[in-house]
Amino acid sequence: MDLQSLPTLTYLSDNVTIVEKEGVKIVRVIHDKATAGITLHGGHVISFTPKGQDELIWMSDTAIFDGKTALRGGIPVCWPWFGRIAAPAHGFARTSEWALIEHRENDQGVIIVLGLNHSPQTLAIWPFQFQTRLYVEIGDKLKVTLETTNTDEKAWTFSAALHSYLKVGNITQTTTTGMGVEYIDSLQDAKMCQGGSTLILTDTIDRVYTAPEAQIQVQDPVLNRTLVVENSGHNSAVLWNPWAQGAQSMADMPDDGYQTMLCVESTLHAPCLSAGKTLQPGGSHQLVTTVFSN
């Protein structure tokens, strides 16, 4: 995404400005180490380009920037649930307006902190009090931390995902390793399956890998790089690509969009709301994903 051409609304520092695309406010970071963009709508990272490298994050050319619709691509924040275990699918965080809490910068990069708290709108969907913070660290690497805190007087459960879309040169030529061999196949009614330790896609995929390694690597000979994803605070890694039929069914993805993306997600997976992670009053949890290129 061309962040440079977007009109500036607010100047915050030499490295951080607020810009706008079709009414959606974007925190734009331009630093010697990298450039990046994070929308306040959804707390959504939409771009990360380290200095001297190509864009690492895939965004749909037909993503809908209307301040209401979840953006296609980037790193959607799926919270307080992941998947279609409740409505709306993937929770309400990715379509809520986040607040810019803080920005810090030094020679190594920039840290952007966004916040989302309970409100009458969220309580009508999910009747619990909470505080979430999204820490986006932009430097040689992109590190995104979703911090969830229970500010209620009772315990509650949640699930979550940092739904990263990675940009690749050609999905049929990428090789993914480190995701593990055991997975829940969402295309086979959550059947538990065993696969190989190396993955080359030839069709759609929607899998919850239950025992991923510390690093998942996507080797991309077309763009001549290996994308590395390091996750923590998770219990699984989701890999997803809708392939041609899926892309054609989405108004906000070009028909050939599937060819240049792969989702590798840091996920707290749960089959239902009650099976999620429980936080006691005052308790916190951090879900993290770090993305960089070798």
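The legends below walk you through several close-up views of this predicted model.

Residues are numbered from 1 along each chain as its sequence is written. Because the model is predicted, local features need pLDDT of at least 70 and side-chain atom pairs count only at pLDDT 80 or more, while totals for chains, interfaces and linings use all residues; side-chain values use heavy atoms, with hydrogens and water left out.

**View 1. An open sheet is built from β1, β2, β3, β4 and β5.**
Let's start with the strands. Strands (E, at least two residues) and helices (H or I, at least four) are DSSP runs, numbered from the N terminus. This open sheet has 5 strands in the order β1-β2-β3-β4-β5, and their pairing is antiparallel. Two strands pair if DSSP finds at least two bridges between them. Which strands sit at the edges? They are β1 (8-11) and β5, each of which pairs on one side only. On average, neighbouring strands of this sheet are turned by 20 degrees against each other, direction ignored. For that angle, axes are lines fitted to C-alpha atoms (for helices, over the stretch in contact), and angles run from 0 to 180 degrees between N-to-C directions. Zoom in on β2 (residues 16-21) and β3 (residues 24-30), and you find an antiparallel pair with 6 bridges. V19 has its bridge partner, I26, in β3.

**View 2. Strands β7 and β8 make a hairpin.**
How many residues lie between β7 and β8? There are 2. Strand β7 (residues 99-106) runs antiparallel to strand β8 (residues 109-117), and 7 bridges join them. To find one of these bridges, look for E105, whose partner in β8 is V110. The side chains of E102 and R104 also meet here, in a salt bridge with N and O 2.9 Å apart. A salt bridge is a side-chain nitrogen of Lys or Arg within 4 Å of a carboxyl oxygen of Asp or Glu. E102 is partly exposed, with a relative accessible area of 34%, and R104 is partly exposed too, at 38%. These words have set limits: buried means under 20% relative accessible area, exposed over 50%, and partly exposed in between (1.4 Å probe, protein chains only).

**View 3. D252 and R72 are joined by a salt bridge.**
The structure holds 5 salt bridges. In this one, the closest N and O atoms of D252 and R72 are 3.2 Å apart. D252 lies in the loop between α2 (243-248) and β22 (261-268), and R72 in the loop between β5 (44-50) and β6 (77-78), so the pair ties together parts that are 180 residues apart in sequence. Is D252 buried or exposed? With 10% relative accessibility, D252 counts as buried. Another salt bridge brings together the side chains of D152 and K154, at 3.3 Å from N to O. D152 is buried at 9%, whereas K154 is partly exposed at 40%.

**View 4. The largest nonpolar core has 69 residues.**
A nonpolar core is a set of buried Ala, Val, Leu, Ile, Met, Phe, Trp, Tyr and Cys residues joined through side-chain atoms within 4.5 Å. The residues with the most contacts inside the largest core are W79, I112, L134, V136, I138, L142 and L146. β22 gives the most to this core, with 5 residues. Now look around L142: leaving aside residues up to four places away in sequence, L142 touches V45, F48, I57, I75, V136, E137, T289, T290 and V291. Here, contact means heavy atoms within 4.5 Å. A second, separate core has 10 residues, including L3, M59, A63 and L71. In soluble globular proteins, nonpolar side chains tend to be buried together.

Where are the two prolines? P80 is in the loop between β6 and β7, and P88 is in the loop between β6 and β7 as well.

**View 5. N224 and W243 have positive phi values.**
N224 is not a glycine, although its phi is positive at about 55 degrees. You can find N224 in the loop between β19 (215-220) and β20 (225-232), where N224 is exposed, with a relative accessible area of 68%. W243, another residue other than glycine, has a phi near 60 degrees. W243 is found in helix α2 and is buried, with a relative accessible area of 13%.
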